[in-house]
Amino acid sequence: MSYLEKEDKEVFDLIELEHKRQNEHIELIASENFVSKAVLEAQGSILTNKYAEGYPSKRYYGGCEFIDKIEDLARERLKKLFNVKYVNVQAHSGSSANMAAIRSLINHGDKILGMSLDAGGHLTHGYKLSFSGQDYESFTYGVNIETGLIDYDEVRRIALEVKPNLIICGASAYPREIDFKKFKEIADECGAYLMADIAHIAGLVATNLHNSPIGYADVITSTTHKTLRGPRGGIIMTNDEELAKKIDKTLFPGCQGGPLEHIIAAKAVSFKEDLEPSYKEYMVNVVKNAKALADEFIKLGYKVISGGTDNHMILLDVKSTKGVTGKEVEDLLQKVNITVNKNSIPGDKEKPMFTSGIRLGTPAMTTKGYSEEDFRLVANIINKAINNRNDEKVLSSLKEEVIALNKKHPTF
Ligand SMILES: *Cc1c(COP(=O)(O)O)cnc(C)c1O
């Protein structure tokens, strides 16, 4: 019997149920993944007991000799992974990384230009309910409604008009490659800093499957729990020494207190994994699988935003294809043990609570060993579910099919 089971049966039972859900569902949320047992062990370790405000060899607490070595390992591995000079591994999340990065570059009240939320940008890129839209004067660029692509001439036009102090590129729901060099040219032309938020595509960047913002963006931020397959957290990177010092100060004591050293240890473990050739193979498969998924949906007659994908995700317009909202499809697929999220599509006329689209990603199920063939089957199951959405009998047989498909792959 586990300690947890003995001490707190309520929490234990709920974790067990969530474990079962993670094993029996097809996880297609593009921002999720399954970490290794080694990562889990590090983040569940006794390192959580330690206070270590400050940075390695400059701490405000005693007893940090081993913690320092762990954080240094995380930093060195991360530098190697992205070929970058300065890193900070203490951000508790992608959002805190963004807060510290933005505050290091510009002043309260300055202008920021980021991708709009409905075009695929992130809350922290200037959305009005986020600090980024409240502490700064925020402006947005979107994508071309017909092509679904970023129109760099349009970004340039807006940038020259707005004259932002900071341009933010990077997205949460953009299936195509982002041209960091073009963003840098635009930023230079209007005298703005450039921040690249690679939260979603970090794994592709680290394995050269996507062009790198290093050398173009002044600051690069990311999460560690999406394609990088590490613990839930954030990172900040730069090649500029002065800026690096500023970022360290802005994150601590500016935005955070004591770092989560158990998470930093787990970050170190995941960066080691990410440096292995097997991780590159994994990322190659993630992209291949996303292309197979897009291709199968196109064959089934769906409108795939931008006509396909360059990365780990696809966006489907279910409203124009099948007359159902993203929310209806999200709820429907829940019944057949497939987890997706509703997502706005370019020019969406549905409210954000409903949306016309869904976003599907391949990182999590590729970790479980799903092949292109499996993903094509998943597309067909989703299509059948949508076509038979009022037929409980068909839906329950699809659910059995999903559970059987998952049994074919190693459980977690
Ligand atoms: C997920 C994401 C984040 C935020 O990460 P959290 O850890 O959820 O705070 C930031 N930027 C982008 C582009 C993201 O996709």
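Colleague: Where is His-225 found?
Modeller: His-225 is in the loop between β9 (219-223) and β10 (234-238). Strands here are DSSP runs of E, at least two residues long, and helices are runs of H or I of at least four, both numbered from the N terminus. Residues are numbered from 1 along each chain as its sequence is written. The model is predicted, so local features need pLDDT of at least 70 and side-chain atom pairs pLDDT 80 or more, while totals for chains, interfaces and linings use all residues, and side-chain values use heavy atoms, without hydrogens and water.

Colleague: Why is His-225 called buried?
Modeller: Buried means under 20% relative accessible area, exposed means over 50%, and partly exposed lies in between, with a 1.4 Å probe and protein chains only. His-225 has a relative accessible area of 12%, so the word buried applies.

Colleague: What does His-225 touch?
Modeller: Contact means heavy atoms within 4.5 Å. Leaving out residues up to four places away in sequence, the residues that His-225 touches include Ser-31, Asn-33 and Arg-232.

Colleague: What makes the pair of His-225 and Gly-233 a polar contact?
Modeller: A polar contact is a pair of N or O atoms within 3.5 Å; within protein, one must be able to donate a hydrogen and the other to accept it, and residues adjacent in sequence count only if both atoms are side-chain atoms. The backbone nitrogen of Gly-233 lies 3.1 Å from a polar side-chain atom of His-225.

Colleague: How do you know that β10 pairs with β9?
Modeller: Two strands pair if DSSP finds at least two bridges between them. β9 and β10 are joined by 4 bridges and run antiparallel, with Thr-223 opposite Gly-234. β4 and β10 have 3 bridges, also antiparallel, and there Asn-88 stands opposite Ile-236.

Colleague: What makes β10 a mostly covered strand?
Modeller: Of its 5 residues, 5 are buried. On one side these are Gly-234, Ile-236 and Thr-238, and on the other Ile-235 and Met-237.

Colleague: In which sheet does β10 lie, and what is the strand order?
Modeller: It lies in an open sheet of 7 strands with mixed pairing, in the order β4-β10-β9-β8-β7-β5-β6.

Colleague: Why are β4 and β6 said to stand at the edges?
Modeller: β4 (86-88) and β6 (137-141) each have a single partner strand, so one side of each has no neighbour in the sheet. For β6, strand β5 (residues 111-115) is joined to it by 5 bridges, running parallel, and Gly-114 stands opposite Thr-140.

Colleague: How many residues surround the ligand?
Modeller: The count is 13, and the closest are Gly-94, Ser-95, Ser-172, Asp-197 and Lys-226. A residue is near a molecule if one of its heavy atoms lies within 4 Å of it. Helix α5 (residues 94-105) gives the largest share of the shell, 3 residues.

Colleague: What polar atoms face oxygen atoms of the ligand at Gly-94, Ser-95 and Ser-172?
Modeller: For Gly-94, a polar backbone atom is 2.9 Å from a ligand oxygen. For Ser-95, a polar side-chain atom lies 2.7 Å from one. For Ser-172, an N or O atom in the side chain is 2.8 Å from one.

Colleague: How much of the accessible area of the ligand does the protein cover?
Modeller: The protein covers 85% of the 380 Å² that the ligand has on its own. Accessible areas come from the Shrake-Rupley method with a 1.4 Å probe.
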